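Open the model in your viewer and keep the selection tool at hand. The tour moves from stop to stop.

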Amino acid sequence: MGVRIAFIAALLLTGCENVGIAPNPAGAEAAARGRVAAERLGCGACHVIPGIWPAGTSGPSLENFRHRAAIAGRYANRPDRLADFLLDPSETAMPRQPMSARDAADIAAFLHSAPQSANAR
Ligand code: HEC
């Protein structure tokens with residue numbers, strides 16, 4: 001239990017660290033590739049992702065995902081953990097979407113990139 005509380009505290013801290021940091025150019029390129037990969041892989045079939053069609057609702061909305069503390073309520077929401085989750089979401093309700101490690105890293109960069117919608121706060 002103590003470990004769980006420490007983990008949640010760590011999640012909250014890492015969540016705050018990312019606020020207001022502008023993406024670097026390399027990150028922007030990865031994010032652009034990730035947007036294309038997310039579209040190609042059909043993530044929009046189950047998720048609302050601004051700029052990606054369609055906007056399915058059987059999975060949680062991924063709008064402003066970079067502001068979330070946790071991935072699927074389990075993992076710290078850092079780009080590297082997000083890429084790992086995308087490659088193997090088997091501990092969660094998300095069915096595995098076959099993709100390369102490169103796609104996973106690019107999509108993680110995309111979901112952690114600057115405002116994906118006009119409604120971003
Ligand atoms: C067949 C439907 C389906 C498809 C297609 C799908 N997902 Fe998911 N996804 C889910 C479900 C259901 C969950 C909820 C998992 C959970 O919380 O246990 C989820 C969870 C997630 C989460 C964590 C959301 C949160 O609120 O923490 C991310 C990020 C994610 N998916 C990204 C993607 C990406 C990127 C793709 C495309 C490569 C994709 N998903 C394709 C159904 C889908």
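Six donors count as octahedral if opposite donors are over 155 degrees apart and all others between 65 and 115. Keep that rule for the first stop. Note also that this is a predicted model.

**Stop 1: the iron site.** Select the iron atom of the ligand. Which residues coordinate the iron atom? They are H47, through NE2, and M94, through SD, at 1.9 to 2.1 Å. The angles among the six donor atoms run from 84 to 178 degrees, and the site is octahedral. H47 sits in the loop between α2 (25–40) and β1 (70–71). M94 sits in the loop between α3 (79–87) and α4 (101–111), so the pair ties together parts 47 residues apart in sequence. Are H47 and M94 buried or exposed? Both are buried.

**Stop 2: the aromatic pair.** The count here is one aromatic pair. Select Y75 and F85. Their ring centres lie 6.4 Å apart and their planes meet at 55 degrees, so the pair is tilted. Y75 belongs to strand β2 (residues 75–76) and F85 to helix α3, so this pair ties together parts ten residues apart in sequence. Y75 and F85 are both buried.

**Stop 3: two helices.** Select α2 and α4. Their axes are 6 Å apart, and the helices pack at an angle of about 110 degrees. That makes α2 roughly perpendicular to α4. Show side chains to see the contact. On α2, G27, A30, A31, R33, G34, R35, A37, A38 and R40 take part. On α4, the contact residues are R102, D103, D106, I107, A109 and F110.

Technical notes. Residues are numbered from 1 along each chain as its sequence is written. This is a predicted model: local features need pLDDT of at least 70, side-chain atom pairs count only at pLDDT 80 or more; totals for chains, interfaces and linings use all residues. Side-chain values use heavy atoms; hydrogens and water are left out. Donors are N, O and S atoms within 2.8 Å of the metal (3.2 Å for Na, K and Ca); water is not among the atoms, so sites may look incomplete. Four donors count as tetrahedral if all angles lie between 85 and 135 degrees; four count as square planar and six as octahedral if opposite donors are over 155 degrees apart and all others between 65 and 115; anything else is irregular. Helices (H or I, at least four residues) and strands (E, at least two) are DSSP runs, numbered from the N terminus. Buried means under 20% relative accessible area, exposed over 50%, partly exposed in between (1.4 Å probe, protein chains only). Rings of Phe, Tyr and Trp (its six-membered ring) pair if their centres lie within 6.5 Å; planes under 30 degrees apart count as stacked, over 60 as edge-to-face and the rest as tilted. Axes are lines fitted to C-alpha atoms, for helices over the stretch in contact, and angles run from 0 to 180 degrees between N-to-C directions. Angles under 35 degrees count as roughly parallel, over 145 as roughly antiparallel, 65 to 115 as roughly perpendicular and the rest as oblique. Contact means heavy atoms within 4.5 Å.
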